[in-house]
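User: I'm new to this one. Can you walk me through a few spots in it?
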Amino acid sequence: GWAGGYPEIVKENELFERYYRELGIVPAGEWDAFMAALREPLPATLRITGYRSHAKEILHCLKEKYFRELQDLEVDGQKVEMPQSLSWYPEELAWHTNLSRKILRKSPQLEKFHQFLVSETECGNISRQEAVSMIPPLLLDVSPHHKILDMCAAPGSKTAQLIEMLHADMNVPFPKGFVIANDVDNKRCYLLVHQAKRLNSPCIMVVNHDASSIPNLQIDVDGRKEILFYDRILCDVPCSGDGTMRKNIDVWKKWTTQNSLQLHGLQLRIATRGVEQLAEGGRMVYSTCSLNPIENEAVITSLLEKSQGALELADVSSELPGLKRMPGITKWKVMLKDGQWFEEWKDVPSNRQTQIRPTMFPVKDEEKLKAMNLERCLRILPHHQNTGGFFVAVLIKKSPMPWNKRQPKVHQKLPQRTGDTEVTAANSGNGSDCIIEERTLAENEESKKMQELQNSDTEQNKKEGVCGPPPSKKMKLFGFKEDPFVFLPEDDPLFLPIQKFYALDPSFPKMNLLTRTQEGKKRQLYMVSKELRNVLLNNSEKMKVINTGIKVWSRNSDGEQFGCAFRLAQEGIYTLYPFIHARIINVCIEDVKILLTQENPFLSKFSSETQKKVKDMAMGSIVLKYDPDPEKPHDLQCPIVLCGWQGKTSLRAFVPKNERLHYLRMMGVEVFKAKRKEEELENKTEEEVQHRLVQTEEGMDVEDKEHDLVTKMEAEIGEESSQSPVENSAMEIENKIEDLDQSSKNANTHVSQESKDTDASNVKD
């Protein structure tokens, strides 16, 4: 039959059933339940961003308002069950419901709940993530000081979890750790950027490399260059995805054992590259959304075997209590797509030895097998807790990999000018057991090139602090051309007015400020942690960086007359706030409601205390701070920091739409109606913009300029949350702003260069 114009996919695959029945990965008597679960749609799951100070407020809002409204609802004849927290996820921060994603999107009764999910997801307070996908970051056991590599990171839900763990203490704006999130697909990297940007962290860098050959990075340690080893590595490799059949139903008809056979080699290469870059004592989590032992236990077995004791499987049976799991298996067979089985490598005919490799088979030596502890792996079966299928293995590195141990002996004979023997040692490590003598010449050449590279890097960094894209003659990389990352020189005159205007604390790390342009006016200022600055400055030649840094200031030329050409950006305000000692206005909760619900409220609408504070303050960018009152428990009990603008007669907040709706929800304001009101306001704003554009041609006075500045900032903020090249927001408000912006550009050619540059920058960011 046909449904909605598409042929209905039959959820049957004889080869799939035959294969997994034979392997026995499902306990006896549970096969029918296993298959029945696979044929059911996957329930919607969500995760609350744990490190945010208002995580408790969101949880309270969900439980007391939205979940209660779902009670006793019937959608398409199906009774909606009350959402339940995932028993194994800490602090009740992850929830699942019996609603499928399709019903959630399409049903009118659930529109309010769906809008809440979309809006909160956009501003980073909630992530809609599959339950099993949340497991690997939890098992990584991350601390805020850890250096983390996410090898195959897109689309970025696990990366977001890792960033949350770094920021476990919200009072520390710059944790010592960082996340380097990598993906081989250039376009998917931008999806990754979008996910990471929701969390507004200065400790994330998105890079674009093949994970199986991701380059060794260097960092400066007390004046000498050392190779960067990671404390934690997430290795969530590409897989056949047969654990996702409930979500990706086309897997039913496409599934064949050939997919796993083709991916095994790549998975092993990526995992090998991962353990090479892991620090001793570090932890690497290997995971797939596949149930197939060829992609799972076979890869782990091969890795453990060639590590010669350098790696061991961690026992995580006591971690995540409440999670139902199956132990890893120790015996399996290999099957071709025609149904032919092989139990050992020696049975494989020569004409099949390109499809089937020795590393796909289990170890026959019982003693070796026992020492590997394969039962410490985890396999999640869909019918146990109404989830997808998944596999996880946690590896601990006890000593260097055997092929890395031998290399320093070679380098003792090589000419050394800086003593950086480890750099080339690890660079040449490729997981193969090559003969050392044969590699000496190549390594010698590599060493010379590396030394020249280091010298040129150091000179360039000292002069300019520029981390440009890799030169095309050295690296042939495809994708969008990225702008360079240029750190502000210590004596840059740009910074002095900013420092004075906002009375920045002497401890403010101004060396960590960067821009994305070498020439012309600097439009945006971004900030990274000092550890990521170290990585950027020392690896510009070998690393393709897609994005890093959090926006903290945006140029506003009209602000120069008030003492500072840069206004504060909401994305970076929680990072900046601890360092700002001026232009802070403490507001009460009623003032916050006015700021978030009115476009450009007059000062007379605010409390007398706020009016007094504003009276003696110069016009320009300001910080609006709300502190909860413990004596008023019914009011919002988490602090809020907003960016604002003080005009001659008005005060307003510059906050992206979804973030504005978020704060209003937390204060108990019904935003479902407020959203419609805002749409009406947007229509009015469109008329005002057209009117002002006409005035621009005729010449404007100072008061008109101020109002035009407000409108321009409004459009800019709308773009910041809606014009990302990979974003597909369901929020009509943002779409209206985007359409409005486009029509304004088409209607008038007299828009300032400043506005054009800012628009272009926002689209790229």
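**A few sites and a helix pair**

Analyst: Aspartate 210 sits in the loop between β11 (204–207) and β12 (218–221). Helices (H or I, at least four residues) and strands (E, at least two) are DSSP runs, numbered from the N terminus. This is a predicted model, where local features need pLDDT of at least 70 and side-chain atom pairs count only at pLDDT 80 or more, while totals for chains, interfaces and linings use all residues. Residues are numbered from 1 along each chain as its sequence is written, and side-chain values use heavy atoms, with hydrogens and water left out.

User: Is aspartate 210 buried or exposed, or partly exposed?

Analyst: Aspartate 210 counts as partly exposed because its relative accessibility is 35%. Buried means under 20% relative accessible area, exposed over 50%, and partly exposed in between (1.4 Å probe, protein chains only).

User: Which residues does the UniProt "binding site" annotation cover?

Analyst: The unreviewed UniProt entry lists Asp210 there, along with others including Ala153, Lys158 and Asp183. UniProt positions are in the numbering used here, feature names are shortened, and annotations may be inferred rather than shown by experiment.

User: Where is alanine 153?

Analyst: Alanine 153 is in the loop between β9 (147–150) and α7 (157–166). At 6% relative accessibility, alanine 153 counts as buried. Beyond its neighbours within four places in sequence, alanine 153 contacts Thr159, Ala181, Asn182, Asp183 and Leu192. Contact means heavy atoms within 4.5 Å.

User: And what does UniProt list for "active site"?

Analyst: Cys289, again from an unreviewed entry. Cysteine 289 lies in the loop between β15 (278–288) and α11 (297–307), and at 24% relative accessibility it counts as partly exposed. Leaving aside neighbours within four places in sequence, its contacts include Cys239, Asp242 and Phe390.

User: New topic. How do α3 and α5 cross?

Analyst: The axes of α3 (residues 55–70) and α5 (residues 111–122) come within 10 Å and cross at roughly 155°. Axes are lines fitted to C-alpha atoms, for helices over the stretch in contact, and angles run from 0 to 180 degrees between N-to-C directions.

User: Which residues make the contact?

Analyst: Among them are Ile58, Leu62 and Phe67 of α3 and Phe113 and Phe116 of α5.

User: What about leucine 117, buried or exposed?

Analyst: Leucine 117, in helix α5, counts as buried at 3% relative accessibility. Leucine 117 touches Leu46, Leu104, Ile126 and Arg128, not counting residues up to four places away in sequence.
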